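Student: I would like to learn how to read a structure, one feature at a time. Can we go through it together?

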Amino acid sequence: MNQLNADKTPLFRFLLGLADDSVVLSHRLSEWCSNGPYLEEDIALSNVALDYIGRARMFYQYAAQIEGEGRSEDDLAYLRDERQFTNLLIHELPKGDFGFTMVRQFLLDAFYKLYLAKLVDSNDETIAAIASKAIKETQYHLKRSEPWIRQLSEGTDESRQRIVRALDELKDFVGELFEMLPFETELAEQGIAVDRASLQADWDAYIQGFLAQSDIEFGDSKLQIRGGRNGIHTEHLGHMLSEMQYVQRTYPGMQW
Amino acid sequence: MTNLAKTIPTVNPVYAQRRKFRADSEFGQLWDILDDVCDPELPGLTIWDLGVLQDVTIQDSQILVTITPTYSGCPAVDAMSADIISALKSAGYEQIKVHVALSPAWGTDMISPAGKQHLAAIHIAPPQPDDEPDCPVCGSHNTQVLSQFGSTACKALHRCDDCFETFDYFKRL
């Protein structure tokens, strides 16, 4: 398979992937704004979305600087098409019901907690600085998603069913979180990136242990859907981008 | 009942280091000018007391102000930068640049003791090591979390179960 952005430096591709992960998840979370189950939760989800927007901006700014072709953070976010986005697929799945959103967040918060804890030691000072900032936020996100998963898992039959259903849907997409691409392995060997594959055992143990306390199993899935880092997406991303990029596409260069 | 240990101001090492850094700076008057710049969302709390203001220097006849954002997506950063420039311009300076640094990452230990007192005075409970704030209105320890996020990313929403006041808690980070 052809590699997307093969003509770009590994560092640019790495930063772009992290930025795309953040901006796409941020948009999905922001879709809850004014639709949350109640006001406090609405505000909380919007705040988590804001943290991810901040993270996306830092990675896009750095990516733009590394690329050095005059593209800005906004160009990268708003003027690329679906097949040029390199986010891991789990971030782009539609927000679903509140249970689905919280299960995805829980799985990702746990992943980012492990991932960022390694990325703070990156040889690249800027990446290490971004990770140091982001990990504090992620720890807080997890502190909020854990009790939600517990509460919904042990709440009513309906809430439990929704958690189980969300886990079932998401299990096909978690494998990609731990799959390295050659350019990323190259960076990991230089101490810049993190070997995501090495995090899987800890992540599995944590997730399964947490869910087991509520008597829920999170089994392996034989079907692992992948392709995000190479621009191969689910049918959902294009629709999401058409909304996210609408203003810039309709009124190019428009500013607030 | 008021928890006395929480009301006695103590200086943590992170703030002590900031205070020394400022005291050692040769541009004391610039720091003083910036004591007029406040966080747009926290009335009367200066960017120094909040810990956002990290450094002020003059390089090649240009003033370089370094700030660090509280949260990575904090929208107040743009407003603060504009306020910094306008404060220095009113004091007669022309060439000013605001640099937003990511490192060192901001933490609540950077907030000054005066800043914590100010937060309490405007009924925002200051950060606590155990994340269990006393009610900033009546001082009761009998409080509970309503939401992990309040009106901004840096605050959580709590309620006092004695005086029933809802209040913001500035989260420990």
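Student: Where does Asp215(A) lie?

Tutor: This is a predicted model, so keep that in mind throughout. Asp215(A) sits in the loop between helix H8 (200-212) and helix H9 (236-244) of chain A. Its phi is near 60 degrees, a positive value in a residue other than glycine.

Student: Is Asp215(A) buried or exposed?

Tutor: Count the C-beta neighbours. Asp215(A) has 9 of them inside 10 Å, so it counts as exposed. The cut-off for exposed is 12 or fewer.

Student: Where is Asp131(B) placed, and what is its phi?

Tutor: Asp131(B) is in the loop between E4 and E5 of chain B. Phi of Asp131(B) is near 55 degrees, again a positive value in a residue other than glycine. Asp131(B) has 15 C-beta neighbours inside 10 Å and therefore counts as partly exposed.

Student: Which residues does the cis peptide bond in chain B join?

Tutor: It joins Ser103(B) and Pro104(B), with omega at about 0 degrees. Pro104(B) belongs to the loop between strand E3 (96-100) and helix H6 (113-121) of chain B.

Student: Now sheets. How do strands of a sheet pair?

Tutor: They pair through backbone hydrogen bonds, in a parallel or an antiparallel way. In chain B, look for an open sheet of 4 strands. Its order is E4-E7-E6-E5, and the pairing is mixed.

Student: Which strands stand at the edges?

Tutor: Strand E4 (124-125) and strand E5 (143-147) of chain B do. Each has a single partner strand, so one side of each is left without a neighbour in the sheet.

Student: In what sense do E4(B) and E7(B) pair?

Tutor: E4(B) pairs with strand E7 (residues 166-170) of chain B in the parallel sense, over 2 bridges.

Student: Let us step back to chain B. How many helices and strands are there?

Tutor: Chain B has 6 helices and 7 strands. From the N terminus on, they run α-α-α-α-β-β-α-β-α-β-β-β-β.

Student: What is the radius of gyration of chain B, and what would a compact globule have?

Tutor: Chain B has 17 Å. A compact globule with 173 residues would have a radius of gyration near 16 Å, so the two agree. Along its principal axes, the C-alpha trace of chain B spans about 55 × 30 × 25 Å. Of the 173 residues of chain B, 37% count as buried.

Student: Last one. How many residues of chain B are in contact with chain A?

Tutor: There are 14 residues of chain B in contact with 19 residues of chain A. On the chain B side, the residues that touch chain A are 9 nonpolar, 5 polar and no charged.

Definitions and conventions:
Residues are numbered from 1 along each chain as its sequence is written. Chains are lettered from A and ligands numbered from 1 in the order in which they are written. This is a predicted model: local features need pLDDT of at least 70, side-chain atom pairs count only at pLDDT 80 or more; totals for chains, interfaces and linings use all residues. Two residues are in contact if their C-beta atoms, placed from the backbone, lie within 7 Å. Ala, Val, Leu, Ile, Met, Phe, Trp, Tyr, Cys and Pro count as nonpolar, Asp, Glu, Lys and Arg as charged, and the others, Gly among them, as polar. The radius of gyration is taken over C-alpha atoms; the globule rule is 2.2 Å times the number of residues to the power 0.38. A residue is buried if 20 or more other C-beta atoms lie within 10 Å of its own, exposed if 12 or fewer, and partly exposed in between; C-beta atoms are placed from the backbone. Two strands pair if DSSP finds at least two bridges between them.
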